[in-house]
Amino acid sequence: MDTQNPSVRPHAQSRNSGKNHPSRHAHAKGHPGGVIHDNTRHTTRFTVVGNHLTQHPDLSLLAIGLACHIQSLPTGAAIDIKTLAARFPEGTNRIAAALRELETHGYLRRTLERTPTGRIVTRTLSCNQPGSRRDAASETSEAPRPPARRAATAPQREPARRRALPPVPKPAYASPTLLLTATEILAGLRRTDPRLLLSATDAEHLAPGVVAWLERDLTPTAVRHALTSDLPPDPLRRPAALLAHRLTAQLPPLPPFRTPDPAPPVRHPLRNCDTCDRGYRGPDPRTCQGCAEKRTP
């Protein structure tokens, strides 16, 4: 009775041994109940975000999530407060506070710029790895990184000098009245064609050339028509240079010399002679010509 039945099959062993059981494996590493990652390698539509952002010790969860969303957007996408508030359930106050957090820690830089039309807009620059100081604990937990290579500093180029405008005709004599009229003509060209907007320096350079045209008996309307007619349809890169060329190349000739008309005879006022009381016109304010001849011996 004490002998075992040799026909009994041995008990089947468990498929999960103590070495490969997930729960025992987690307990063995000392992280009971911790996260287990089920990662799949992305090949399209992904954004690389650094742990210095996702594990930042000072940023709020809203600021971290908002920074990840901003870094995933294409260049030129709108990230103002109203656009973000329309995209997420958080209100404008919370989103504005999160943006200020990111700006404080260097993940956003906002500057004011003036557009060519004169409008002031806000430019936002998103930085995926700002140069702010990191937490010492996070640095020790991360693997050491090789020192970043310093970018070669490009040689500074001198600012391009503005090319001088072509010379313009000089007037025969200086006339403050004609110079003022010429300046008014140049300032009003932009009303005919907005491309002919001139600076004060350009107008000062072109004004003597316009005076030279006005000296040739041309009216301001004729000068304005000569400068604004038959302009090229393409954008004008240097309208002042085009006007200087026209003032020189299309300068009309001087008007022909005209003999000045003789001065009209002097017409004396009608007077009464003190001697004969007769009305007369003459240089003598008291005596007519007849009485004056009688007095002459």
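Which element gives the largest share of the lining of the largest pocket? That is β2, with six residues. This is a predicted model, with local features needing pLDDT of at least 70 and side-chain atom pairs counting only at pLDDT 80 or more, while totals for chains, interfaces and linings use all residues. Residues are numbered from 1 along each chain as its sequence is written, and side-chain values use heavy atoms, leaving out hydrogens and water.

Back to the pocket. The largest pocket holds about 520 Å³ of space, and 19 residues line it. Those nearest its centre are A77, A78, I79, R123 and T124. Two elements, β1 (108-114) and β2 (120-126), each give two or more residues to the lining. A pocket here is an open set of points on a 1 Å grid over the protein atoms alone, where a 1.4 Å probe fits, with protein on both sides within 12 Å along at least five of seven lines; lining residues have an atom within 4 Å of a point.

Next, the glutamate. E215 is found in the loop between α9 (200-214) and α10 (220-228). E215 is buried, meaning under 20% relative accessible area with a 1.4 Å probe, protein chains only.

Last, helix α11, residues 239-249. Its buried residues include P239, L243 and L247. Among the elements covering the buried residues of α11 are α9 and α10, with contact taken as heavy atoms within 4.5 Å.

Note on methods. Helices (H or I, at least four residues) and strands (E, at least two) are DSSP runs, numbered from the N terminus. Buried means under 20% relative accessible area, exposed over 50%, partly exposed in between (1.4 Å probe, protein chains only). Lys and Arg count as positive and Asp and Glu as negative; His and the chain ends are not counted. A salt bridge is a side-chain nitrogen of Lys or Arg within 4 Å of a carboxyl oxygen of Asp or Glu. Grid points are joined across faces, edges and corners, and a volume is the space filled by probe spheres set on the points.
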